[in-house]
Amino acid sequence: MTAAKDFSILSGSYALHALGPEERAEFEQHLRESALQETEQTRNEVTELSDTAVLLGLAIAPVTPSPALKVGIMAKLSSTPQLPPGSVSSNQSADATSRRPLDDAAPGPAERKARAAWFLRPVTALACAAAAVALIIGGGVIVNNVSVDSFEQAQADQLAAISAADDAQRRVSPIEGGGTATLVWSNELGTSALVVAGIASLPADRSYQLWYIDAGDGVARPAGIFSTAATGVGSRVLDGSMGAGDAVGLTVEPAGGSATPSTSPIVVIESA
Amino acid sequence: MPESVPGESDVSENFQDSSPTSRQQRLLERVSIGDQAAFSELYDEVSPRVFGLVKRLLVDHSQSEEVTQEIFLEIWQSASRFDPNKGGASTWILTMAHRRAVDRVRASQSSRDRDIRIGIRDRDSEYDHVSESVEVKFEHERVERAMERLTELQRQAITLSYYGGYTNSEVSEMLSVPIGTIKTRIRDGMIRLRDELDVTS
């Protein structure tokens with residue numbers, strides 16, 4: 001560590017999230033690694049100033065978001081993996097801020113007790129095992145064997161946009177062979193997404209394929225391949241644009257998809 | 001993987017938390033093991049706070065909803081990382097929310113450039129936001145009073161940083177004050193606020 005630099009003056013800016021990325025990383029490293037007595041003081045100061053910053057936030061008038069936002073978020077939960085407790089990764093959560101610096105501090109009796117109870121609840125241990133599928137290593141989040149890449153990010157962003165639209169609607173329908181499908185759509189945006197849960201997994205030579213079925217002439221337009229996890233959950237924003245009243249269908253096709261449906265759909269949901 | 005389980009032996013008794021602020025904490029605890037009903041309840045409780053904060057920084061409605069969605073999915077994902085010894089649930093959530101909102105503000109650089117030009121004009125009213133509920137009004141007045149105890153430069157720098165999402169160097173540019181001075185003033189000002197607002201760890 002560069003003992004010469006005085007990091008303590010950064011505490012306030014750090015608490016306000018006002019440091020640039022490099023300086024922030026440097027400061028966090030300092031807080032993690034420095035064994036100097038004065039660094040201990042800086043850690044405490046960072047925690048207190050972060051709590052102070054929260055009070056600045058509490059002085060802002062609350063604004064209730066649209067109900068559609070909640071619908072969209074709730075729909076994503078089952079396909080969003082949860083982190084197991086305890087492992088350290090520097091870039092995946094909010095506690096890169098005020099929470100971590102004190103982790104090395106000697107805990108008092110009350111803290112030890114609470115901490116022990118927190119980490120060792122048996123139910124949590126079970127959840128850990130389940131969440132092991134969603135393994136977190138070095139900040140890379142691996143979800144159901146598919147890494148979170150730009151496609152997934154774009155999908156997530158679009159789904160958020162649909163859910164956030166003023167005219168967002170949803171309709172749920174059972175899937176033939178098991179599971180449920182939820183169509184979320186916005187006529188204003190002319191787009192939709194299908195969220196499924198409990199759907200059967202397919203052999204490697206088959207894919208689920210989405211279709212827009214035109215409200216006027218009943219013609220099915222291919223709208224994307226839908227891959228689901230082994231857990232049978234998944235979501236997909238459909239390719240192409242949706243006309244008002246179009247239906248969305250899901251079929252089983254040869255891997256890679258077809259130009260026109262080769263089987264009858266296992267679910268069809270009409271937008272209204 | 002969970003490797004940092006502390007080596008404490010006396011862990012058999014259940015964690016009985018009876019403090020009045022522990023409700024959200026218990027909700028978070030349930031969220032961490034995949035309880036969607038608890039998440040729904042927590043969302044109803046804290047989303048107006050989160051959305052109000054995000055909207056303050058981002059202004060744009062749909063961007064604010066997007067970021068709010070990111071924040072709640074992060075809460076869902078990392079609820080297990082919440083450590084009740086390091087502060088309350090709402091502190092954890094609002095800190096995360098502010099961080100996320102700031103990240104988004106900085107991601108759109110072109111609008112930032114515009115903001116820097118108009119930001120000066122609005123800086124004194126940044127935290128001056130009328131609110132309806134008594135609780136919020138109380139918090140607001142408390143913060144406002146504490147803010148009045150700061151020097152002009154401290155107040156401006158903190159306001160621009162927290163409510164505007166500006167970096168040290170942007171604030172330095174906006175106020176035509178050297179960046180080292182900005183850092184010092186922000187720290188001094190935050191320490192003053194901490195003392196005025198009675199924040200102790």
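The largest nonpolar core has 65 residues, and those with the most contacts inside it are Leu16(A), Leu56(A), Ile75(B), Ile158(B) and Leu193(B). A nonpolar core is here a set of buried Ala, Val, Leu, Ile, Met, Phe, Trp, Tyr and Cys residues joined through side-chain atoms within 4.5 Å. Helix α2 (residues 36-58) of chain B supplies the largest share of this core, ten residues. The model is predicted: local features need pLDDT of at least 70, side-chain atom pairs count only at pLDDT 80 or more, and totals for chains, interfaces and linings use all residues. Residues are numbered from 1 along each chain as its sequence is written, chains are lettered from A and ligands numbered from 1 in the order in which they are written, and side-chain values use heavy atoms, with hydrogens and water left out.

- Leu16(A) is in contact (heavy atoms within 4.5 Å) with Ala53(A), Leu56(A), His98(B), Ile158(B), Ser161(B), Tyr162(B), Ile186(B) and Met190(B), leaving aside neighbours within four places in sequence.
- A second, separate core of 19 residues includes Ile175(A), Leu183(A), Ile199(A) and Ile269(A).

**Sheet and strand pairing in chain A**

- Four strands of chain A form an open sheet in the order β4-β5-β6-β9, with antiparallel pairing; strands (E, at least two residues) and helices (H or I, at least four) are DSSP runs, numbered from the N terminus.
- Strands β4 (169-174) and β9 (234-237) of chain A stand at the edges; each has a single partner strand, so one side of each is left without a neighbour in the sheet.
- From one strand to the next, the twist averages 15°, where axes are lines fitted to C-alpha atoms, for helices over the stretch in contact, and angles run from 0 to 180 degrees between N-to-C directions.
- Strands β5 (residues 180-186) and β6 (residues 191-197) of chain A pair in the antiparallel sense over seven bridges; two strands count as paired if DSSP finds at least two bridges between them.
- Within β6(A), Ala193(A) is the residue that stands opposite Val184(A).
- Strand β10 (residues 247-254) of chain A is joined to β11(A) by four bridges, and the two run antiparallel.
- Gly249(A) stands opposite Val268(A) in β11(A).
- Strand β11 (residues 267-270) of chain A has a covered face, formed by Val267(A) and Ile269(A), and an uncovered one, formed by Val268(A) and Glu270(A).

**Helix α3 of chain A**

- Thr42(A) lies in helix α3 (residues 37-58) of chain A and is buried, with a relative accessible area of 6%; buried means under 20%, exposed over 50%, and partly exposed in between (1.4 Å probe, protein chains only).
- Not counting residues up to four places away in sequence, Thr42(A) touches Ser8(A), Phe27(A) and Leu31(A).
- Asn44(A) also belongs to helix α3 of chain A, but Asn44(A) is partly exposed, with a relative accessible area of 29%.
- The C-alpha atoms of Asn44(A) and Ser11(A) are separated by 9.6 Å, the two residues being 33 residues apart along the chain.

**Positive phi in chain B**

- Most residues other than glycine have a negative phi.
- Val59(B), although not a glycine, has a positive phi of about 65°.
- Val59(B) is placed in the loop between α2 and α3 (61-78) of chain B and is exposed, with a relative accessible area of 58%.
- Ser176(B) likewise has a positive phi, near 50°.
- Ser176(B) is found in the loop between α8 (168-175) and α9 (179-196) of chain B, where Ser176(B) is exposed, with a relative accessible area of 66%.
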